[in-house]
Amino acid sequence: MPRPELRTVRFTLDGREVEAPENVMLVDGAKYGDVEIPVFCYEPKLGQPVGACRMCLVEIEGMPKLQTACSTAVKDGMVVHTQTERVRTAQQAVVEFLLVNHPLDCPVCDKGGECPLQDISYGWGPGTSRFIEPKRHFRKPLELSPLVAIDRERCILCYRCVRFSQEVAEDYQLVLLDRGAQSFVATFDGHPYVAPFSGNIVELCPVGALTSRAYRFRARPWDVEDSGSICTLCPAQCNVSFTVRDERLMRVLARQNDEVDDGWLCDKGRFAYQSAHADERIVEPMVRDGGELRAVSWERALGAAASALGRAQGRVGALAGDGTTNEEAFLLQRLLREALDSPHLDSRPAGGPPRELAAALGAPALAATMLDLEHAHAVLVLDCEPVDDMPILDLRIRKGVRRRGVRLAVATSRPSSLDENAELVVRLPPGGGEALLAALDAALTSASDVEERSAAAGLDAPALRQLAALLTEAGEDVVVVHGERLVSGPRAAHAARALLNVAERLRLAEHEGAGLLEAPAHANGRGLREAGVLPEAAPGWTEPAAAGRSAAEIAAGLADGDLTTLYLLHVDPLRTQPDRGAWERALAAASTVIAHASVLTEGIAEHADVVFPAESYAEKEGTVTHPDGRLQRLRPAIGRPGSVRAEWSVLAELAERVGLPAGPLTGPMVTAMLAEAVAFYAGITLDEIGGKGVRWPKREAASAFPGVEAGPFELERPPAPPAANGRLRLGTYRSLWAAPEVEASPALKFLAVRQRAELAPADAERLGIADGAAVSVARNGASLAAQAAIRSAIPAGTVFLAEGVEGAGANAVTGGEPGLVEVRPG
């Protein structure tokens, strides 16, 4: 839907004429006149103001009473006074009243030195208090959750935390209990406040009532420095500010960027920084000696790796994953293609469509933005779970539905956290994304075989027709949010054609506020592909000199002996790749495995011959590409521990040792090489990217994007799902918490994922399985142990397992594609 037009109005503020956008609140409008109006409860990100604290009272001519500036909109000709005696008296009274029960413990309060209450007390308070009565007391501090402590004596009842819980995250866990002076923030029945975004309430709190248990008493504001960068722990790539003291990360705060994260962080992004200082972190290069990995010098490790790569000329495979920057990806493909004559590299765990189709999906005209999610007429969430795959997407979509009436449709195999917000929910069988798109394409073109296509794929034809009607009737701005899993696997090309067909039917490329937005499997999934870490595409989606093998084909090549050496850049195949059995055989057969890793996960510990210590995201220099095409800059906030080196320099030195001319000497030189190699990045610099990033689809160089066919295509009928015969269809999902960074962070260990088999009540009853019971999930001779979790929303005949769980991931029984499994007690 069209963005609201900004109209400027003039009003008088303390005797001066000020211009400000019409209908902004006076608190914000006053800033255009360089006037600060004090607030406690007001926070624009939380939605409509509530006027709870009364700190922002101002005098407006024509109104007999003082008005709250946070809830009064600026109007043309308005005359406002913020410095009259009447206003000052009211503000001083509010501060005095707030301090009646507030403890004066600033010297020991974590908020001291960066506390709005402190600042406002000095700037707008009376300076003295008339109260000598005893203050109220609560037991303190209390654990509101394992991550957040609450000191109820300090709470000024601004409602910010409760409003966040109820109106932003919509988890509805925080409430205000009791009345009057005895009111306090709590959870229902005292349950811990455990939610994906709970840490935001610490940053929202204007006093020291809510504090981070991980940061509590660790540092004071005058002891620390702040450094801006990007969180690369998931594809959301939120802008963050690292709080640093003595080369250690103390905490992570949100760095407001409305076009990326809206100023919010998930708890993984806020607390997993502790993994950078974990005891188990690798800080020295390691070489396998006598069957064990031992710390060695850089010279020996680089020599061993270069020697192995040189011997394996033309027979090297490589995988890149989470945490890899664009520069590292570019140098990796350069090492393999130019130095080793081995184009076998991939960044997609389950493969993907051919180059032309993959490029068509990433074309500038189809790139939706994060802001589009708020202003679209309709949003379709397809085969992904935003809160796990890309958490900030979840908050953006909720905001659009709640504030702007965006019509939401959810089409997933596993129940979604957005189901309650959706106008329409369509359940599809695991792996049924292609079938849904083919049937939706038929419905959008009023084809006569919609029912037939839907029935063959196990879909509800009336629901498909409703979905088609919703998307066409809502308006021209439609955004389709989909997971990478939708266009991966053996039928990736067919799914990509079907998705492009739907985009063409809805004319997404023709409208500024419409398009596709993918939640990639890796944090920098889009950047890795555009940098050329693909078997069929060189940097910039150009055609390579020779096509290589996909990830699954690399595993097969290693097992067969066609490939001998494997290079792993931030990847453990036993944890992240489908078909664990195939990768176990591949790693066992490989003559040399070279890895970049921060901790020794199972596959690295058992099979790596050379391990280079990986940088944490707080130590990296380089760029990443957001799923909407925004290039963002990572800046080092702390020094590298031990002997850790910049990973781009390791890749550059290896390339030089195996025969390439001397490479780049600095990080910005690699960025310049990348911009030269990727035509649609042409001319981009780190200065242009700056602190907020720049979307390359909006630059002039985007015209250099390769021309590819975008459909419509003639679609092949998808295969029908296999008959169950008493077994269950296997679906998988990626949990936000299934990550080494979570397991290595003390604050988040309680969230580390244990494998659960999610079952429908009818299936659990038929199989004699109780909730919480131990079960075995088996397929093709492989099995894994899990705990049964019976959920009423799970479709009958289906079981869901989590991917990426250490030692018990769903890849043990996936076999590389969806299928049927047996679930048994015990």
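Is Glu374 buried or exposed? Select this residue to begin: Glu374 is buried, with a relative accessible area of 2%. Here buried denotes under 20% relative accessible area, exposed over 50%, and partly exposed the range in between, calculated with a 1.4 Å probe on protein chains only.

The model is predicted, so local features need pLDDT of at least 70 and side-chain atom pairs count only at pLDDT 80 or more, whereas totals for chains, interfaces and linings use all residues. Residues are numbered from 1 along each chain as its sequence is written, and side-chain values use heavy atoms, with hydrogens and water left out.

**Glu374 and Arg396.** Glu374 and Arg396 form a salt bridge, with the closest N and O atoms 2.2 Å apart; the term requires a side-chain nitrogen of Lys or Arg within 4 Å of a carboxyl oxygen of Asp or Glu. Because Glu374 belongs to helix α10 (residues 370–375) and Arg396 to helix α12 (residues 391–404), the pair ties together parts 22 residues apart in sequence. Helices are DSSP runs of H or I with at least four residues, strands are runs of E with at least two, and both are numbered from the N terminus. Arg396 also counts as buried, at 2% relative accessibility.

**Glu619 and Arg281.** Next, select Glu619 and Arg281, whose side chains meet in a salt bridge at 2.7 Å, N to O. This pair links distant parts of the chain, 338 residues apart: Glu619 sits in the loop between β25 (610–613) and β26 (622–625), and Arg281 in the loop between α6 (267–271) and β14 (286–289). Both residues, Glu619 and Arg281, are buried.

**Arg86 and Glu59.** Move to Arg86, which forms a salt bridge with Glu59, the closest N and O atoms lying 3.6 Å apart. Arg86 is in helix α2 (residues 85–98) and Glu59 in strand β3 (residues 57–60), so the contact joins parts that are 27 residues apart in sequence. Arg86 is partly exposed, at 39% relative accessibility.

**A network.** Select Asp105, Lys140, Asp151, Glu153 and Arg154 together; a network of salt bridges links them. In total, the structure holds 63 salt bridges.

**Two loops.** Asp246 is placed in the loop between β12 (239–245) and β13 (248–254) and is exposed, at 68% relative accessibility. Finally, select Ala724, in the loop between β28 (694–695) and β29 (728–734). Ala724 is partly exposed, at 29% relative accessibility. The C-alpha atoms of Ala724 and Val821 are separated by 9.0 Å, with the two residues 97 residues apart along the chain.
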